[in-house]
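Please look through the model below before reading the numbered points.

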Amino acid sequence: MVASAMFRGAAMVMLLALSFSACQAQLSSTFYAETCPNALSTIRTSIRSAIARERRMAASLIRLHFHDCFVQGCDASILLEDSASITSERSVLQNLNSVRGFEVIEQAKSAVENVCPGVVSCADILAVAARDASEYVGGPLWTVNLGRRDSTDAFPNLATRDLPRFTDDLGTLITLFDSKGLNERDMVALSGSHTIGQARCVTFRGRIYNNESDIDAGFASTRRRNCPATGGDGNLAPLDLVTPNSFDNNYFRNLLQRRGLLQSDQVLFSGGSTDSIVNEYSRNPSTFSSNFASAMVKMGDIDPLTGSAGIIRRICSRVN
């Protein structure tokens, strides 16, 4: 009886493992080679045009893909707006007045729909857009696995639980990333995307006014000029003051000098287990670039909907 139960349990584990492998195997860089051969070039043209209009959009698109994948997998659930049957993920604390670029994804989707309607998912467009955004601002290029499908629902409760917060300590961040199959090196590499982009005053006010030992005094003083102790919550500041629009490894050099803008950035170099990785990336930009690309591929493969699961949305912000 016990042996039989153990056998059934082992068989179930193996079946689940095989199902997961089959799901992953359905993602392929050539997924649209026959059904929509111009998909990638169409997306690329649209994304590059958007970033040419606003350089900050590169960081926003990378972040949008990240915030999608960390909630129930890379399924474009973050793009869904509120409706009678859906409560959007956009209004949770980690996304509210923060995630952006939705209209850019819709424009890319519209362009692809004109070429091959009903074929390319919004989830895949998000993944390709992040890659194209990185390349446009001097970051690494990687091969994107394709074949994701779109969710029919949003998951605000999971978004609240699974998305990192700017106040998180190192242990919390490590646990969150580990729950998505990403190790400490992946986490530090992905955090390096903060070499570009901007943050709102409300997200770093506490750090620059607390007079703690983990922040450079001169840096804090400079940042206070555009971030008052009260008011000005939406005032923007570049995450990297030195090269704010270029994808490089200066983010890690900033951390060594206690000049990380967000608390969740500086904890990566605070006497903990990730210090050595930050040190390595600060000295070796090519290693950071390579590891960032690998981590983006790994993140992009988190729990995709494939095969007959999910749908291909015609408009990314709502279910067909």
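1. Ser289 counts as partly exposed, at 24% relative accessibility. Here buried means under 20% relative accessible area, exposed means over 50%, and partly exposed lies in between, using a 1.4 Å probe and protein chains only. Ser289 belongs to helix α14, residues 285-300. Helices (H or I, at least four residues) and strands (E, at least two) are DSSP runs, numbered from the N terminus. Between the C-alpha atoms of Ser289 and Thr243 there are 16 Å, and the two are 46 residues apart along the chain.

2. A word on the basis of these values. This is a predicted model, in which local features need pLDDT of at least 70 and side-chain atom pairs count only at pLDDT 80 or more, while totals for chains, interfaces and linings use all residues. Residues are numbered from 1 along each chain as its sequence is written, and side-chain values use heavy atoms, with hydrogens and water left out.

3. An unreviewed UniProt entry places the feature "domain: Plant heme peroxidase family profile" at residues 26-320. UniProt positions are given in the numbering used here, feature names are shortened, and annotations may be inferred rather than shown by experiment. Over residues 26-320 the chain is 45% helix and 2% strand, with the end C-alpha atoms 23 Å apart.

4. Which residues of helix α7 are buried? In this helix, residues 170-178, they are Leu170, Leu173, Leu176 and Phe177. Seen down the axis of α7, the buried residues fall within an arc of 130 degrees, so they line one face of the helix; the arc is that of the directions from the helix axis to the C-beta atoms. Thr175 and Asp178 are exposed, on the face of α7 turned away from its buried side. The buried residues of α7 pack against α3 (57-69), α6 (156-162), α8 (184-191) and α12 (263-266).

5. The largest nonpolar core has 71 residues, of which Leu79, Ile105 and Met299 touch the most other members. Such a core is a set of buried Ala, Val, Leu, Ile, Met, Phe, Trp, Tyr and Cys residues joined through side-chain atoms within 4.5 Å. Helix α5 (residues 122-136) gives the largest share of this core, nine residues. Apart from this core lies another, of 12 residues, including Ala199, Ile208, Phe219 and Leu239.

6. What does Met299 contact, leaving aside its neighbours within four places in sequence? With contact meaning heavy atoms within 4.5 Å, the partners of Met299 are His65, Phe66, Cys69, Phe70, Cys74, Leu182 and Leu190.

7. The structure holds 12 aromatic pairs. The rings of Tyr251 and Phe252 have centres 4.9 Å apart and planes at 85 degrees, so this pair is edge-to-face. Rings of Phe, Tyr and Trp (its six-membered ring) pair if their centres lie within 6.5 Å; planes under 30 degrees apart count as stacked, over 60 as edge-to-face and the rest as tilted. Tyr251 is buried at 3% relative accessible area, and Phe252 is buried at 0%. Ring pairs link Trp142, Phe247, Tyr251, Phe252, Tyr281, Phe288 and Phe292 into a cluster.

8. Two residues other than glycine have a positive phi. Gln72, in the loop between α3 and α4 (102-115), has a phi near 65 degrees and is partly exposed at 40%. Arg258, in the loop between α11 (250-256) and α12, has a phi of about 60 degrees.
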